[in-house]
Amino acid sequence: MFPVGFKARSAELSDVEMFYQIGGSGPPLYLLHGFPQTHVAWHRVAPALSEKHTVVIPDLRGYGKTSAPETDDQHFPYSKRAMAQDIVELADHLGHARFALAGHDRGARVGYRLVLDHPGRVTRFCSVDVIPTLDVWEQMDAATALAHYHWSFLALPSPVPETLIGHDPRFYFGHLFERWAGDWRGLDAGAMEMYLAQYGRPGRIHAQCEDYRAGATCDCALDRHDRTAGRKLTAPVLLLWGRGYLGENAVSPRASWEQWADDVRDVPLDCGHFVVEEQPTASAEAMLSFFG
C-alpha cells in the first residue's frame, strides 16, 4: 500500500513491539491512525508527505501488527497516555528529539495527549476529525449518543462487545465504514481488507474495546485534571474535518479546541470521517502547508 522507498520495520519498546512504516526525507512527521484501522489509513497521503518529510507511520498498540499488551482493571495500558509514551519511545529509538504529528480519530487523541504530556517534543499537531475526549462525553445528548453509539457500546464491560463483534467482525466493521464514510465505496478495497485482516490476530478486538474503555474512564480523568490545571497544547494546531460526518448542521470543532490551545486553525473538507482517504489531495496540501 506504500510507495517504493517506504520500509516496514518493528521496534522493541518498553511495553510493546511496535510495527511501523518509514519513508521519505526531511523533518520527521509521525502519522497516527484511528479505529478501526491501521497504519494503512495514511497510504493515500504518504507519498506526497514523504517528499518533504521523513514519514513514520506506526500501528498503535492493540492494532494491526503491533502487539496487544495485557490490560488492567483501570484500562490504563490502553490509555492515551500509555499510547503516547509508545510514540515518544519510538521517536527516541529513531533519534527524533522533536517531530511534527498528525492523528486521525483515536490517533488524534493519542496525539494531543502526547503534546500535553511531553511539552516541547511536538513542533506542530494536526488533528483529523475529532474533538477532545472529555468534550465528547460532556456534550453527549440523545442525538449524539445514537449517532456515536459505538463510544458506549465498545466501552461496555468485557466480554460483551468482544463476543458480539467476534461473532461476525466483517459485518460489524463493514457497518462502521458504511456509516462513517461519505461514500464508503470510494475507500480502497485493498486497504479495507487489511483493516479487517487484523482481527485474525489474537486479542485485537479486546484491545480496541479496551481503547474505548480507557476513553470512558482514565482518559477523561486525565483530560479533566489538565483542564482544571489550565494546561494547554503548546504546539500550533491544525484541524482537518469532514463536513459529511458531522451532519447537515455541521459546525467546526474549532470552538472545542480553542479551550485547549491558543493557536488553532481549521480546514473543512467535503467528505465523511475518513478524511485523508476520502480527500487525500486536499488533506496532503493542507498538511504540507501547515507543517512547512
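**Asp188 caps the N-terminal end of helix α9.** A side-chain oxygen of Asp188 lies 2.8 Å from the backbone nitrogen of Gly190. Please keep in mind that this is a predicted model, in which local features need pLDDT of at least 70 and side-chain atom pairs count only at pLDDT 80 or more, while totals for chains, interfaces and linings use all residues. Residues are numbered from 1 along each chain as its sequence is written, and side-chain values use heavy atoms, with hydrogens and water left out. The element names used here refer to DSSP runs numbered from the N terminus: helices are H or I with at least four residues, and strands are E with at least two.

**The buried side of helix α9.** Within α9 (residues 189-197), the buried residues are Ala191, Met192, Tyr195 and Leu196. These residues sit on the same side of α9, because they cover an arc of only 140° around the axis. The arc is taken over the directions from the helix axis to the C-beta atoms. Buried stands for under 20% relative accessible area, exposed for over 50% and partly exposed for what is in between, with a 1.4 Å probe and protein chains only. Packed against the buried residues of α9 are α8 (169-180) and α13 (275-278).

**How does α8 pack against α9?** Their axes are 10 Å apart, and the angle is about 130°. This angle makes α8 oblique to α9, given that angles under 35 degrees count as roughly parallel, over 145 as roughly antiparallel, 65 to 115 as roughly perpendicular and the rest as oblique. From α8, the contact takes in Pro169, Arg170, Phe173 and Phe177, and from α9 Met192, Glu193, Tyr195 and Leu196. Contact stands for heavy atoms within 4.5 Å. The axes themselves are lines fitted to C-alpha atoms, for helices over the stretch in contact, with angles running from 0 to 180 degrees between N-to-C directions.

Gly200 counts as exposed because its relative accessibility is 67%. From C-alpha to C-alpha, Gly200 is 9.6 Å from Pro169 in space, although 31 residues separate them in sequence.

**Helix α7 and its two faces.** Pro161, Glu162 and Ile165 are the buried residues of α7 (residues 160-167). Looking down the axis of α7, these residues line one face of the helix, because they fall within an arc of 100°. Turned away from that buried side is a face with the exposed residues Leu164 and His167. The cover over the buried residues of α7 includes α6 (150-154), α8 and α10.

Most residues other than glycine have a negative phi, and most peptide bonds are trans.

**Positive phi at Asp105 and Asp129.** Asp105 is not a glycine, yet has a positive phi of about 60°. Its loop joins β5 (99-104) and α3 (106-117), and Asp105 counts as buried because its relative accessibility is 8%. For Asp129, also not a glycine, the positive phi is about 65°. Asp129 lies in the loop between β6 and α4 (133-138) and is buried, with a relative accessible area of 9%.

**Ser127, buried in strand β6.** The strand spans residues 122-128, and Ser127 has a relative accessibility of 1%. Beyond residues up to four places away in sequence, Ser127 touches Gly103, Ala108, Leu238, Leu239, Leu240 and Trp257.

**Ser256 and its polar contact with Gln139.** Ser256 lies in α12 (residues 254-257) and counts as buried, at 8% relative accessibility. The side chains of Ser256 and Gln139 make a polar contact of 3.4 Å. A polar contact is a pair of N or O atoms within 3.5 Å; within protein, one must be able to donate a hydrogen and the other to accept it, and residues adjacent in sequence count only if both atoms are side-chain atoms. Setting aside residues up to four places away in sequence, Ser256 touches Ile131, Pro132, Asp135 and Gln139.

**Arg224, partly exposed in helix α11.** The helix covers residues 218-229, and Arg224 has 39% relative accessibility. Apart from neighbours within four places in sequence, Arg224 is in contact with Leu134 and Glu138.
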